[in-house]
Amino acid sequence: MQTLAFGTNKRGEKASLYVLENSKHTVIKVTDFGATLVSVLIPDKNGVVRDVVLGYDDAGEYDRQTSYFGATIGRNGNRIDKAQMMIDGKLWQVPANEKGNSLHSGPNGFDQVVWEVKEHTDNSITFFHLSTEEEQGFPGNLKVEVTYTLTEEDAVEISYRGEADKDTVMNFTNHSYFNLGGHESGPVLNQKLQILADAFHPVRDENAIPTGEIAPVQGTPMDFRTMKPIGQDIEADFEQLKLSGGYDHNYVLSDKVGEMKVMANAYCEETGIAMEASTECCGVQFYAGNFISDHTGKDGKAYGKRCGFCLESQFYPNAMNQENVPSPIRKAGEVFTTKTVYRFYVK
């Protein structure tokens with residue numbers, strides 16, 4: 001494993017970049033700042049190496065931007081209504097950072113932390129962080145690990161492990177933006193996507209908090225059960241797409257947590273690069289990059305609206321405030337683990 005300097009964040013903390021490679025010369029790059037996936041480098045159908053995730057060249061750029069490119073998200077991915085929840089009979093208020101709600105755990109999320117490297121091999125690395133109760137306002141002190149593994153099958157495995165000294169939320173995810181044409185190739189609207197889900201969670205307004213309803217995708221532009229271009233229906237006259245500026249919704253994979261299942265498939269005809277995404281989570285947030293601003297990314301390349309898409313495996317949004325859904329709250333002393341896998345190949 002190669003280790004490189006990766007600049008400093010706004011607090012002056014030094015970050016490092018770690019380069020992992022398998023025997024097929026597929027490469028991933030991760031940084032300890034935010035335990036972030038920076039690059040996935042894979043040859044396309046013509047042998048041209050493509051970097052298929054969006055990112056930046058140093059920690060300072062990650063610190064200045066607000067799209068969570070590639071970051072580990074926690075303690076809670078997605079949104080919490082009014083930034084509050086009842087846990088163990090007590091109302092907990094966490095910092096709000098989006099229209100009065102908590103998004104991705106507020107301003108002090110895991111994406112802002114320089115993680116400790118616990119262990120590594122040539123093709124895997126484990127980051128560790130102690131998240132105190134004071135850090136984000138969630139109950140308890142949480143020991144959390146995230147492990148990136150690059151397999152010989154060109155899969156990026158992301159495994160999480162958490163254990164806390166109080167009942168608390170553990171809803172970890174990765175916020176990579178994929179572009180199978182290469183990170184510099186512009187909008188992903190012609191790339192094809194399949195999401196293996198029969199239902200999704202409608203949101204109640206532009207604040208993107210789910211109504212609690214589980215709605216069938218059949219007969220709506222939300223239906224990705226059969227692979228189709230991401231942009232085919234994104235501008236349809238459909239209330240849910242208008243409220244969110246495009247796709248930014250949780251898809252219901254299961255009501256069970258811990259069972260590995262394929263959640264999505266994606267494909268770019270121009271490069272021949274395909275991706276199969278699997279998870280042990282019960283939901284996946286499909287976000288079509290509707291609000292990526294025009295700015296400069298890795299290698300000086302231009303990024304903009306819908307130039308990447310996210311498949312964020314997770315518990316259902318705002319699940320801690322809903323009944324009769326899988327709960328992201330784990331008991332004190334309970335060890336919680338989950339894994340999501342993104343496997344790349346060429347058709």
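Let's start with His129 and its surroundings. His129 touches Phe110, Val113, Trp115, Glu135, Leu142, Lys143 and Val144, leaving out residues up to four places away in sequence. Touching, or contact, means heavy atoms within 4.5 Å. One word on the source: this is a predicted model, where local features need pLDDT of at least 70, side-chain atom pairs count only at pLDDT 80 or more, and totals for chains, interfaces and linings use all residues. Residues are numbered from 1 along each chain as its sequence is written, and side-chain values use heavy atoms, with hydrogens and water left out.

Back to His129. Its place is in strand S12, residues 124–131. Strands here are DSSP runs of E, at least two residues, numbered from the N terminus. Is His129 buried or exposed? His129 is buried, at a relative accessible area of 11%. Buried means under 20% relative accessible area, exposed means over 50%, and partly exposed is in between, using a 1.4 Å probe and protein chains only. The His129 side chain also makes a polar contact with the side chain of Glu135, at 2.8 Å. A polar contact is a pair of N or O atoms within 3.5 Å; within protein, one must be able to donate a hydrogen and the other to accept it, and residues adjacent in sequence count only if both atoms are side-chain atoms.

Next, the partner of S12. S12 and S13 pair in the antiparallel sense, over eight bridges. Two strands pair if DSSP finds at least two bridges between them. Thr126 has Thr147 in S13 as its bridge partner. Strand S13 covers residues 142–150, and eight of its nine residues are buried. On to S14, residues 155–164: nine bridges join S13 to this strand, and the two run antiparallel. Here Thr149 stands opposite Glu157. The hairpin of S13 and S14 has four residues between the strands, and Asp154 takes a positive phi near 60 degrees there. A general point on strands: in a regular strand the side chains alternate between the two faces of the sheet.

Now a sheet elsewhere. It is open, has five strands, and pairs antiparallel in the order S19-S18-S21-S24-S27. Which strands are at the edges? They are S19 (215–216) and S27 (310–314), each pairing on one side only. Inside that order, S21 (residues 248–252) and S24 (residues 283–287) pair in the antiparallel sense over five bridges. His249 stands opposite Phe286 in S24.

What about the core? The largest nonpolar core has 65 residues. Such a core is a set of buried Ala, Val, Leu, Ile, Met, Phe, Trp, Tyr and Cys residues joined through side-chain atoms within 4.5 Å. Among the residues with the most contacts inside it are Tyr148, Phe286 and Leu311. S13 gives the most to this core, with five residues. Leu311 is in contact with residues including Leu193, Met263, Val284, Phe286 and Tyr342, leaving aside neighbours within four places in sequence. There is a second, separate core of 16 residues, and it includes Phe6, Val38, Phe69 and Ile292.

On to the rings. How many aromatic pairs does a search of the whole structure find? It finds 20. Rings of Phe, Tyr and Trp (its six-membered ring) pair if their centres lie within 6.5 Å; planes under 30 degrees apart count as stacked, over 60 as edge-to-face and the rest as tilted. Take Tyr177 and Tyr287: their ring centres are 6.1 Å apart and their planes are at 75 degrees, so the pair is edge-to-face. Tyr177 lies in the loop between S16 (173–174) and S17 (192–195) and Tyr287 in S24, so the pair ties together parts 110 residues apart in sequence. Tyr177 and Tyr287 are both buried. Then Phe178 and Tyr342: with centres 4.9 Å apart and planes at 50 degrees, the pair is tilted. Phe178 lies in the loop between S16 and S17 and Tyr342 in S29 (residues 336–346), so this pair ties together parts 164 residues apart in sequence. Both Phe178 and Tyr342 are buried.

Last, a wider grouping. Phe6, Tyr56, Tyr62, Phe69, Tyr177, Tyr287 and Tyr303 form one aromatic cluster.
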